[in-house]
Structures are given as structure tokens and as C-alpha cells.
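This report walks through a few parts of one protein model. Please look at the sequence and the structure first, then read on.

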Amino acid sequence: MCDGRGRESKVRSAQLCVHEERQVQRAIYKLRYWTSRLTFKLSETVCFHWRFLLSEGEKKRRTELQTADLNNSVSQGGELQEVIEGHKMSLKRRCEHVTEGTNEAGSGTLLNTIYTELYITEGQSEEVDTQHEVRQLERTSKKNIQDTPIKCQDIFKVLSEQQRHIRVVLTNGVAGVGKTFSVQKFSLDWAEGLENQDISLVLPLSWRELNLIRDEQHSLLSLLHVFHPTLQKIRAEDLTVWKLLFIFDGLDESRFSLGFNKHQLISDVTQVSSVGVLLVNLIQGNLLPSALIWITSRPAAAYQIPPSCVDRITEVRGFTDSQKEEYFRRRFSDEDLSKRIISHIKASRSLHIMCLIPVFCWITAIVLEDMMTRDQRGELPQTLTDLYSHFLRVQIKRKKQKYGGKQRPEELTEADKELLLKLGRLAFEHLEKGNIMFYSEDLERCGLDVSEVSVYSGVCTEIFKRESVIFQKSVYCFVHLSIQEFLAAVYMFHCYTRKDTPVINKFLKYSKPVTSLDDFLRRALMKSLKSENGHLDLFVRFLHGLSLESNQRILGGLLDQRNSHPETIQKVLNKLKKVKSDKISPDRSINIFHCLMEMKDQSVHQEIQEFLKSEKKSKRRLSEIHCSALAYLLQMSEEVLDELNLQQYNTSGEGRHRLIPAVRNCRKAELSHCSLSEVSCGSLASVLRSNPSHLRVLELSSISLEDSGMKLLCSGLESLNCTLETLRLSDCSLSEISCDSLASALRSNPSHLRELDLSWNQLKDPAVKLLCGFLQDPLCKLETLRSVRDDPVLSQV
């Protein structure tokens with residue numbers, strides 16, 4: 001018994017010694033920055049402090065260990081400072097030059113000479129996963145400029161007293177809007193000693209690089225050694241006491257499956273695991289809980305990070321109007337040229353909206369500079385297909401000038417055509433899969449040689465190729481997603497003109513053969529409209545634009561012009577105007593109007609402009625395509641409508657369905673007596689979730705609302721962006737299930753609604769009781785509640 005107690009005592013004593021030793025080490029490491037300046041007297045003081053905590057037999061040995069470790073720290077302090085300075089120099093070399101779409105040798109530009117502060121705001125837009133990014137840009141262009149922007153250097157700074165410490169920041173933004181430039185600017189300013197000097201180390205780790213070691217095992221320490229060789233001398237204990245910032249750029253390029261719900265728990269920087277598990281533990285705060293984390297992503301991929309892990313969400317909105325102009329003035333020393341370019345962009349709505357994206361500004365600058373500085377008599381690009389056709393022509397010309405050739409610079413050789421169509425095939429196959437990054441084997445499957453791709457570096461560029469064992473594998477992408485979409489459309493149109501039936505049938509997933517150009521384009525359009533996230537919207541617009549002989553001519557014989565007779569094009573236009581889409585989201589149906597515009601048919605646009613000026617609007621019959629065009633123009637208007645009454649428009653039921661997106665830009669919407677399908681309710685919910693949301697009064701009386709439709713509508717009501725003050729649901733045949741959905745939504749967002757009209761719904765007591773929870777909420781601001789009778793249950797609330 002005594003022996004057992006003795007053994008237990010020794011075990012406890014040993015454990016205590018280990019614990020005390022760890023405490024000693026932790027205290028020492030916290031002093032590491034100062035040790036190079038400390039005298040031996042300080043080490044004596046520290047040792048004396050801990051001498052009281054140790055047993056008599058251990059005092060001498062512990063004192064010797066502590067003194068030796070501190071003296072060792074004194075010699076290492078200078079070394080560690082040298083490591084940090086070396087890392088700063090390395091990071092500065094990586095970040096000080098940018099290539100604006102290409103990485104040809106000698107093409108780099110100093111970041112600080114062209115960097116224009118981007119418009120970054122706290123919070124994000126809704127509906128990020130159901131619309132093509134071009135549609136998101138259109139909405140962004142109307143955002144409230146009164147929003148307070150955040151400079152990228154201040155991304156971790158607390159803006160108000162209410163905010164807690166910010167550890168994890170998630171920054172969203174569409175492709176090419178400037179997320180990576182912001183990361184580079186932040187890193188460069190830190191490396192040059194200008195900003196955020198309280199951070200010990202800034203550690204960029206892009207997802208595209210991490211993909212290359214996805215299947216490997218690493219500790220966090222070894223991961224840093226691999227990606228940042230200048231940090232080889234950094235030790236585990238350094239990471240635990242320093243203030244670190246990890247930057248994970250490009251989550252949308254990740255090929256990891258991040259399992260936040262079920263994974264191995266890791267808290268030691270030397271513990272080896274899969275890279276994905278390490279990243280999840282780092283983001284969750286299990287590993288290095290004091291480290292700062294900055295993640296950037298395109299909106300559709302941001303869902304991979306649970307909201308509970310994020311302290312601040314920001315959105316890069318790109319250039320404001322004044323910043324667009326600043327970009328072109330900085331780019332061109334010729335003031336007259338920059339003025340002419342800015343003037344042309346302002347005259348084209350589609351070009352002006354797309355110039356929110358810095359990379360698109362670069363594409364536009366290349367094309368317009370080429371066209372305005374040579375003797376050209378043709379009209380400047382008005383549509384996106386126009387612009388991208390010219391961009392490809394400029395790339396062909398540059399390639400000829402660089403590598404020589406007997407043909408005129410704009411003319412394509414057979415080898416050029418073959419290469420561009422292979423690039424188109426790569427673009428198309430990966431657009432279908434949702435990939436924007438490609439590896440060497442992807443190129444090889446399309447018959448592409450790596451050296452061939454580099455010839456068109458302005459179109460498809462190598463992202464990086466480092467002299468490290470793990471980076472022997474290069475990664476490629478198109479300089480912007482829109483270029484991938486354009487080349488994909490070029491390839492698919494080529495397949496149509498060459499009657500490549502297997503490729504076309506696989507794309508359209510249709511057994512019947514394509515019979516004509518209008519049949520081909522109609523089927524492609526319908527497939528794009530049925531896409532859940534709109535990923536084919538811009539592709540199908542390009543496809544329609546490429547049917548024009550004028551654009552085919554710009555491409556120098558890349559596409560066969562046999563199918564572009566005027567009568568054929570007119571037939572396509574007529575079919576477009578008659579497309580039925582009652583089962584398609586009205587937001588998505590607007591793309592039919594955009595397809596018309598890409599084919600340079602201005603008739604619908606002009607007719608709607610005349611309609612808006614007319615004093616007898618109710619007498620003018622509007623077709624469905626007219627309603628899509630009207631919805632687009634109304635929601636893009638700078639002026640917010642006081643009221644939109646769908647019954648005032650002389651159109652069909654589908655026409656009113658297509659007008660719903662215009663509700664996004666009005667204060668009062670009158671939809672009574674309209675037929676609202678489940679799809680229509682989903683579109684209304686999207687309106688209620690809009691940021692900013694202008695809608696204050698929503699009138700839905702005398703509409704038979706199904707439970708499924710009401711549930712969708714309530715998903716908008718519960719959004720914190722929804723600031724609806726009056727909701728009228730009189731005579732809507734609301735069931736108990738619908739009342740449950742309504743009550744749940746109003747409990748989630750109770751502080752804005754002032755008036756609720758539920759009259760003529762014949763509510764039963766169970767349905768009424770479900771609403772009582774909302775009425776009893778202390779945040780409920782309801783002033784008027786109308787029901788069909790003086791309900792005894794409601795009267796008690």
C-alpha cells in the first residue's frame with residue numbers, strides 16, 4: 001500500500017515537473033523578442049522567480065537549464081529577426097510586380113504604380129449562388145455608395161465598439177474584381193514596413209498552390225517550410241507566441257473537401273495530418289487560436305466556410321465610376337486617348353457595368369488602345385461579343401509581331417486556328433464542369449502542348465512554376481472567366497458549323513438532331529435558363545453574338561460564315577422574341593433580352609424606351625420579351641419607383657411574371673389578383689433578400705398561395721436585409737402550414753413590420769396560435785393586424 005502511494009506520488013511529482021517546465025518555456029518564448037537586449041541579470045531574476053515553484057532537488061538543475069536556454073535565445077534573437085527580414089524581402093519580390101492578365105517575361109508592372117483602391121464593404125449581397133456573376137455586377141453597380149468602404153489594410157481593424165475581436169475575415173467578390181490584388185497590396189505594405197507592423201508574419205497560401213499537395217501529409221510547421229523556404233529556421237514554439245496572419249486566396253479554386261463537421265482535432269503545430277484537416281483546424285481556431293485568417297473567394301464558393309467560423313464578411317465590389325476613370329488615366333499617359341476611351345465606355349451600358357472588374361478594364365484598354373491608335377474606320381465595340389472578338393484579334397496580332405509570320409498580323413494560319421480551337425475545347429469542357437484552373441494533363445487531353453499555350457499568354461497564362469520539388473507541376477487558367485466563356489462559345493459554334501453531332505448532342509443532352517441555326521441557339525438558350533446557378537448565361541450570350549457575320553469577320557476565318565445569312569439571323573431573332581419561359585425564374589429570363597442585344601437587335605429596347613415616354617401606357621400591349629426588357633431597365637434605373645402595379649400593364653400572365661424583378665427597385669409593389677407560381681414566389685423572395693432592399697409595402701391580396709410558394713416567400717421575409725413595413729395577404733387561402741412558415745419568418749426578423757393584413761383567410765384556431773409567438777416577441781413592432789373576425793386568441797395577445 002505504501003509502495004503504491006509512493007509510486008503515485010512520484011508520478012504526480014514527475015507530471016508536475018513537466019508541467020512546470022512547460023510553463024517556464026512558455027514564459028521564456030514570450031520574451032524572445034526582447035532577449036537580444038536583456039542582460040544576464042534578467043535571466044537571474046526569471047530563474048529566481050521560478051526557483052520557488054520547484055522542489056529542492058530540482059532547483060539547481062532547473063536554474064542551469066533556464067539560464068542556458070535564455071543565453072541561447074540571446075544568440076538566436078538576431079537570427080530570427082534576420083529570418084523575418086528575409087521573409088519580408090521574399091514577399092516583397094513576389095508582390096511588388098503584377099502582370100495584369102499575362103505573365104510574359106518583362107511584362108510585369110509595379111503594383112504601387114497602377115493600384116487603385118478598390119471598393120470593399122462589410123457584409124455581402126444575397127442570392128450569390130443563383131445568378132451569373134455578370135448579373136451580380138449589374139446589381140452591384142446600383143449599390144448604395146453611402147456604404148462605408150474599408151481599405152484592405154484595415155481588414156482586421158474593429159470599426160465600432162460593438163464589434164468583438166476579428167480573427168477570421170471572409171472576402172467575397174466576382175472573378176477578376178481585384179481580390180488577389182488586394183491581398184498583394186496588403187502583403188506588400190506589410191513587407192515594406194508601411195502597414196500592420198503589429199503582425200509578426202504574413203503568410204500567403206493560395207488554394208491553387210495547396211491543391212498540388214492535397215493528398216500529402218504535413219504538419220502546419222512543415223507546410224510553412226515547404227511554401228515559404230525562407231522560414232526554415234522558424235520553430236514550433238515561435239509560431240505559438242508570434243502574431244501570425246494566414247491568407248488563403250482563391251477558395252473557389254480549391255479542390256479540397258473541407259469537413260468542418262467531422263474531422264480530427266489538431267492543436268499542435270508539429271502534428272502531422274492531411275492538409276485539408278490542418279486547414280480546417282486552423283480556420284476553426286483549434287490550431288493557433290490567436291492567428292489571424294483571411295480567406296478570399298468568389299461568392300458561389302464562400303458557403304464552404306461555416307458562418308460560425310467567420311467574424312467579418314466583406315465584399316470587393318470593384319471600381320466605382322470615379323475609380324474606373326482613374327484606372328484609364330493612370331494607364332495611358334496620353335490624356336486625350338484616356339478621355340476618348342472613358343467616353344466610349346460610358347456610352348455602352350454593358351461595357352460600363354463590366355468595367356467594375358479591373359481585369360475587364362485591362363481587356364477594354366488593350367482593345368480600344370489598338371483601335372484608336374491605328375487607322376480604323378469600323379465602329380468601336382458596342383457589345384461584349386464585339387469586344388472579345390477584337391481582344392482575340394489583338395492577341396493574334398501580338399503573337400505574329402512577336403514570333404513573326406508571312407501573313408498580315410490579323411490573319412490566322414491553320415496552325416493558329418487549330419490551337420485556338422483546342423483552347424476553346426479546354427474552355428468549354430471545364431466550363432461545363434465548373435473548373436477555372438487546369439493542370440498539364442487537362443491540356444494534354446485537349447491535344448495542347450504547354451509551349452503552344454504560352455504563345456497566347458494574353459489569353460491563357462501559366463499561374464506559377466516554382467523551382468521547388470512540389471511545384472514541378474504547373475497550373476494554368478484563362479486570364480478571366482469571361483475569356484474562358486468566350487472561347488468556349490467559339491468552340492461550340494465551330495462544332496455546330498462543322499456538324500460535330502456527338503459534341504453538340506452531348507452538350508444539349510438531346511436525342512433529336514439539330515436542324516438549323518435557330519434550333520441550335522434555342523436549345524442552348526433553354527439549357528442555360530434551366531441551369532441552377534446561371535453559369536452558362538454569358539456563354540450563351542456570346543454564342544448568339546458569334547452568329548453575326550460581323551463578329552465572325554473580326555475573328556479572321558476562325559468560324560465558318562455559311563450560316564449567317566440575313567434571313568437566317570432574322571429567323572433567330574424572331575424565335576428569341578417568342579421564347580416561353582413561364583417555368584423559368586423571371587430574373588433568369590432577362591438573359592433572353594441580353595441575347596437580342598448581343599445580336600445587335602435594338603428594336604425591343606427602343607420600343608420599351610418609347611413605352612416609358614408614352615402617356616397611355618395601359619393601351620400599349622406588351623409581349624413577354626418586352627416585359628423582360630422593361631423589368632431590366634426599371635431595376636437598373638437610378639431612380640427608385642414609388643409604386644409598381646403589375647395590373648396596370650397590358651400583358652399576359654407570363655408577362656407579369658417576367659416583370660417581377662422590377663419590384664427590386666420600388667418602394668411599394670401591388671401584385672394583387674396576379675397569378676403567382678412557386679417560381680414567382682422564389683423571385684419575390686430574392687427581391688426581399690436584396691441588399692439594399694427598397695421595398696416597404698407588398699400587396700399580395702386575392703392570390704391563392706400554395707404552401708410551397710408561401711414557404712419560399714417567407715425565406716425572403718426572414719432575411720435581415722428585408723425591411724418590409726406593410727404586408728397584405730388578404731384572401732390568400734392561407735393554410736395552417738403557411739401560417740407556420742409566416743410566423744417563423746416574422747419571429748426571425750420581427751423589428752420592421754408595422755402592418756399585417758390576414759383578413760378573409762378563414763384562419764382556424766391552430767393557425768392563429770402559430771402567429772401568437774411573433775406577436776408576443778418583445779421586438780415585434782406591429783401596430784395594425786387585420787383578420788376576418790375579432791379572434792379571441794389574438795385579442796389576448
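## Two paired strands

Strand 7 (residues 244–248) and strand 9 (residues 292–297) are joined by four bridges and run in the parallel sense. Strands here are DSSP runs of E of at least two residues, helices are runs of H or I of at least four residues, and both are numbered from the N terminus. Two strands pair if DSSP finds at least two bridges between them. Within this pair, Ile247 has Trp294 of strand 9 as its bridge partner.

The model is predicted: local features need pLDDT of at least 70 and side-chain atom pairs pLDDT 80 or more, while totals for chains, interfaces and linings use all residues. Residues are numbered from 1 along each chain as its sequence is written, and side-chain values use heavy atoms, with hydrogens and water left out.

An open sheet of six strands has the order 3-10-4-9-7-5, with mixed pairing. Strand 3 (120–122) and strand 5 (201–204) are its edge strands, each pairing on one side only. From one strand to the next, the twist averages 20 degrees.

Ser338 lies in helix 12 (residues 335–347). Is Ser338 buried or exposed? Ser338 counts as buried because its relative accessibility is 2%; buried means under 20% relative accessible area, exposed over 50%, and partly exposed in between (1.4 Å probe, protein chains only). Leaving out residues up to four places away in sequence, Ser338 touches Phe328, Arg329 and Phe332; contact means heavy atoms within 4.5 Å.

Helix 25 (residues 586–598) is mostly covered, with 13 of its 13 residues buried. Lys600, which follows helix 25, has a positive phi, near 60 degrees.

## Two helix pairs

The axes of helix 16 (residues 414–433) and helix 19 (residues 481–497) come within 7 Å and cross at roughly 110 degrees. Helix 16 is therefore roughly perpendicular to helix 19. Axes are lines fitted to C-alpha atoms, for helices over the stretch in contact, and angles run from 0 to 180 degrees between N-to-C directions. Angles under 35 degrees count as roughly parallel, over 145 as roughly antiparallel, 65 to 115 as roughly perpendicular and the rest as oblique.

Helix 30 (residues 707–717) and helix 31 (residues 736–748) have axes that come within 9 Å and cross at roughly 5 degrees, so these helices are roughly parallel to each other. Among the residues in contact are Met710 and Cys714 of helix 30 and Leu742 of helix 31.
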